[in-house]
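Biologist: Could we go through the pockets and the surface of this one together?

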Amino acid sequence: MTTARDLMTPGAECVGAEESVLDAARRMTELSVGALPVCGTDKRLKGVLTDRDIVVKVLGKGKDPARCTAGELAQGEAVTVGADDDADVVVRTMAEHKVRRLPVIDGHDLVGMVALADVARALPEQKAGDLLQVLSGD
């Protein structure tokens, strides 16, 4: 059985909820990633900040990324999967919530991220293609 732990990229870095969106964007650039988990001072996952969030919710609305915090954009409960969840759960969760990246948790600890690309590399072509179609809205 393939699990989320098998699919994920381990060692995901969090951006602090109190850090600026500008700092988060710089970290994304340094890490060459399009999303960062947002963690509170308690080290618990608060949400995920994507490069699209920055463009649409900050720059597109004329907000100052140096004054806007990552936590302001991490609204609601984060969609996650457990490290030992089956790959089918990962695919179903991504499809149901229309997300291309999922934080992987073990208990309350963030242990990695699963991206659509990880699913495409590890799972049968048909399953990955079906997920891409759902996420693309076609």
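Biologist: Which helix gives the largest share of the lining of the largest pocket?

Modeller: Helix 3, with four residues, where helices are DSSP runs of H or I with at least four residues and strands are E runs with at least two, numbered from the N terminus. This is a predicted model, in which local features need pLDDT of at least 70 and side-chain atom pairs pLDDT 80 or more, while totals for chains, interfaces and linings use all residues. Residues are numbered from 1 along each chain, and side-chain values use heavy atoms, without hydrogens or water.

Biologist: How much space lies in the largest pocket?

Modeller: About 460 Å³, taken as the space filled by probe spheres set on grid points joined across faces, edges and corners. A pocket here is an open set of points on a 1 Å grid over the protein atoms alone, where a 1.4 Å probe fits, with protein on both sides within 12 Å along at least five of seven lines, and lining residues have an atom within 4 Å of a point.

Biologist: Which residues lie nearest its centre?

Modeller: Of the 19 lining residues, Val48, Thr50, Asp53, Val99 and Arg101 do.

Biologist: And what about the second largest pocket, how much space is there?

Modeller: The second largest pocket holds about 340 Å³, and Thr9, Ala12, Val33, Ala35 and Met113 are the closest to its centre among 19 lining residues.
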